[in-house]
Amino acid sequence: MNLERWRADNNRVEGWRDSLEIEIQESSESRRRRLERGELLLPSIEERFERREIEGKTVLELLSRGLDSKATRLFRGRISLTVRCRKRGHILAHVYPTSLRPIVVPRVAGVNPEHKEGRFKNVDALKEWRVNPAAYEALRLRDPWITESTDWEFYERLCETFKGETGRRLAYLKATYFDLQGMAILEPRLRQKVVTVEGVRYEPYWSWLCRCGEHRYPCYRLMAALDEGVPQDFAG
Ligand SMILES: [Zn+2]
């Protein structure tokens, strides 16, 4: 386990956690003030705010675990399910329980879109791997997993409002967006094997990557494995 990489990832986890805490606190504060003033929003907007808050709290619970320093890209504590590739047993994703809903976290989030080289344009991981396994290895290494992007102009403006060292940290957190592509909060609707959207039927699946290439894993199978309490499943 590369300690430097662990520190970098864990720093992002901590930043994300702090930024979510601020966001959740501000959103529940503003809702409280709205209710005090007797202001009512459209129910659909209110619902969206509530959903966003619950999602935030679920992710926050996972982030609060911190990363395991002895394994790669693994949060500390209990895991409900591990999905591996059938061929070589590489870990594709982990499912973590929370007090709200379970969360699935892929081990490889994808390709960093900031790499502009032509050969990485419009990559279909599987095709790329078949044609050139060496290039695929390079892609895998470029996977940023947790991404952070800071709006530095916005940060500068916030710095003028929040003075001092602590204020700079706050401005940074408020101007930074964290993400982990492919991380998903598991909803009961994912148990549906077939979904029809605008007349088109499709079977929802996740597409996960490992050194062997891309694997498709149906969402309903993940939900079934969780319902059955199976600790491990294989994709591909
Ligand atoms: Zn594999």
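Q: What share of the contacts in the chain with a separation of 6 or more comes from residues 24 or more positions apart?
A: In this predicted model, residues 24 or more positions apart account for 64% of the contacts with a separation of 6 or more.

Q: How many helices and strands does the secondary structure hold, and what percentage of the residues is buried?
A: The chain has 7 helices and 11 strands. Of its 236 residues, 22% are buried.

Q: In which sense do E2 and E3 pair, and in which sense do E1 and E11 run?
A: Each pair of strands is examined through its bridges. Strand E2 (residues 91-96) and strand E3 (residues 103-106) pair in the antiparallel sense over 4 bridges; within this pair, His-94 stands opposite Val-105 in E3. E1 and E11, by contrast, run parallel and are joined by 4 bridges. Arg-84 has Phe-234 in E11 as its bridge partner.

Q: Which residues of E11 lie on its covered face, and which on its uncovered face?
A: In a regular strand, side chains alternate between the two faces of the sheet. In E11, Asp-233 and Ala-235 make up the covered face, while Gln-232 and Phe-234 make up the uncovered one.

Q: Which residues of the largest nonpolar core touch the most other members?
A: A core may be read from its members and from the elements that supply them. The largest nonpolar core has 33 residues, of which Val-83, Leu-92, Ile-103, Val-104 and Trp-208 touch the most other members. At least two residues of this core come from each of helix H1 (3-36), H2, E1, E2, E3, strand E5 (176-180), strand E9 (205-210) and H7. Domain 1 (1-74) and domain 2 (78-109 + 184-236) each contribute at least three residues to the core.

Q: With which residues is Leu-92 in contact, leaving aside its neighbours within four places in sequence?
A: With those neighbours left aside, Leu-92 is in contact with Val-83, Arg-84, Cys-85, Pro-106, Arg-107, Trp-208, Cys-210, His-215 and Ala-235.

Q: At what angle do H5 and H6 pack, and what is the handedness of their crossing?
A: A helix pair is described by its angle, its axis separation and its handedness. Helix H5 (residues 152-161) and helix H6 (residues 164-174) pack at about 145 degrees, with their axes 8 Å apart. Their crossing is right-handed. Tyr-155, Leu-158 and Cys-159 in H5 meet Gly-167, Arg-168, Ala-171, Tyr-172 and Lys-174 in H6.

Q: What joins E9 to E10?
A: A hairpin of 2 residues joins E9 to E10. E9 and strand E10 (residues 213-218) run antiparallel and are joined by 6 bridges. Leu-209 stands opposite Glu-214 in E10.

Q: Why does Cys-219 count as buried?
A: The cut-off is 20 or more other C-beta atoms within 10 Å. Cys-219, in helix H7, counts as buried because it has 21 C-beta neighbours inside 10 Å. Leaving aside its neighbours within four places in sequence, Cys-219 is in contact with Leu-190, Pro-204, Tyr-205 and Trp-206. The C-alpha atoms of Cys-219 and Leu-190 are separated by 5.9 Å, although the two residues are 29 residues apart along the chain.

Q: Is Arg-73 buried or exposed, and is Glu-198 buried or exposed?
A: Arg-73 is buried, with 20 other C-beta atoms within 10 Å. Arg-73 lies in the loop between H2 and E1, and its phi is near 50 degrees, a positive value in a residue other than glycine. Glu-198 counts as exposed, with 4 C-beta neighbours inside 10 Å. Glu-198 lies in the loop between strand E7 (195-197) and strand E8 (200-202), and has a positive phi of about 45 degrees although it is not a glycine.

Definitions and conventions:
Residues numbered from 1 in each chain as written. Predicted model: local features only at pLDDT ≥ 70, side-chain atom pairs only at ≥ 80, totals over all residues. Pairing = 2+ DSSP bridges. Core = buried A, V, L, I, M, F, W, Y, C linked by C-beta atoms within 7 Å. Buried ≥ 20, exposed ≤ 12 C-beta atoms within 10 Å, placed from the backbone. Domains from an automatic or database assignment. Contact = placed C-beta atoms within 7 Å. Axes fitted to C-alpha atoms, helices over the stretch in contact; angles between N-to-C directions. Left-handed = near helix turned anticlockwise from the far one by under 90°.
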